[in-house]
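Dear colleague,

Please find the structure below. I would ask you to view it alongside the notes that come after it.

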Amino acid sequence: MRRDESLFRREGDLFVPTEAAGNPWGELTGGGPVAGLVARAVEEALDEPELFVARLTVDLHRPVPRTGIAVGTRTVRAGKRLRVLEVTLSQHGTEVTRATAQVLRRSEVDGDPAAEPTPFPGPQGVPDSSLLPAELGLRWGVHDVVQVRWVRDQLAGGPTQAWMRMPLPLLPDEPTSRLSQVAVLVDCISAGSPVGSLFGPWINSDITLYLHREPAGEWLGMEMARDVEPTGLGVARARLFDERGPVGTAHEAVLAHRLG
């Protein structure tokens, strides 16, 4: 781990990405830290514990340099059972990310909950590894910071299975919510998907996260796959778990991108 103690630092009303928030493509911010910052903004706008963020869609429509980010939030709809929030991230007056959160109100229903176990072991007893091989020689960043324990890695064939954990908070001296942690981690699903016959390499232009309950514990389990075409386009997807069982799903639109 390098010197950074968080993914962002505050400078007045702006959020400045640290080196730990960087991606392999240049002096840019990774999609995961961007999504984590969006999730933080959504939760700050909610004032009732019965409200639950069931879907978060983050459109990564511009590169995000490692300079100050302004965060804006507005309510699109404020119903009794459904709220829709929009979050925008801007740099120097230019919008770089737009996100939408669908927030639902919890209620009690009859019947017993479905008892589906997590379909792979861990995270205890699974050795530590890394998201991407060191021999690729990529620029250091968030992909190196995330802790990964592979149950079935990218070369094993079939869907990959891993436990991941983000050891750094979004901001120093501020607890990071479980939603923000998960939003950071699900950006890894394309990189963590199996190596197939079509090599991009692949980057994602968005992140869509669905949750039906809040994950427990620090580790997020993911079963990941990626469908791609010779056109250079595809979709990466993951089922999400904690040690109790399923918690949701995530999807990304991916496109081929040149290393460097």
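The notes below concern the aromatic rings.

This is a predicted model, in which local features need pLDDT of at least 70 and side-chain atom pairs count only at pLDDT 80 or more, while totals for chains, interfaces and linings use all residues. Residues are numbered from 1 along each chain as its sequence is written, and side-chain values use heavy atoms, with hydrogens and water left out.

The structure contains 2 aromatic pairs. Rings of Phe, Tyr and Trp (its six-membered ring) pair if their centres lie within 6.5 Å; planes under 30 degrees apart are stacked, those over 60 are edge-to-face and the rest are tilted.

The ring centres of F120 and W163 are 5.5 Å apart and the planes stand at 65 degrees, so this pair is edge-to-face. Because F120 lies in the loop between β6 (94-105) and α2 (142-145) and W163 in strand β8 (residues 160-165), the pair ties together parts 43 residues apart in sequence. Helices (H or I, at least four residues) and strands (E, at least two) are DSSP runs, numbered from the N terminus.

F120 also forms an edge-to-face pair with F241, at 5.6 Å centre to centre and 80 degrees between the planes. F241 lies in strand β12 (residues 233-241), so this pair joins parts that are 121 residues apart in sequence.

F120 is buried, at 6% relative accessible area; buried means under 20%, exposed over 50% and partly exposed in between (1.4 Å probe, protein chains only). W163 is buried at 0%, and F241 is buried at 0%.
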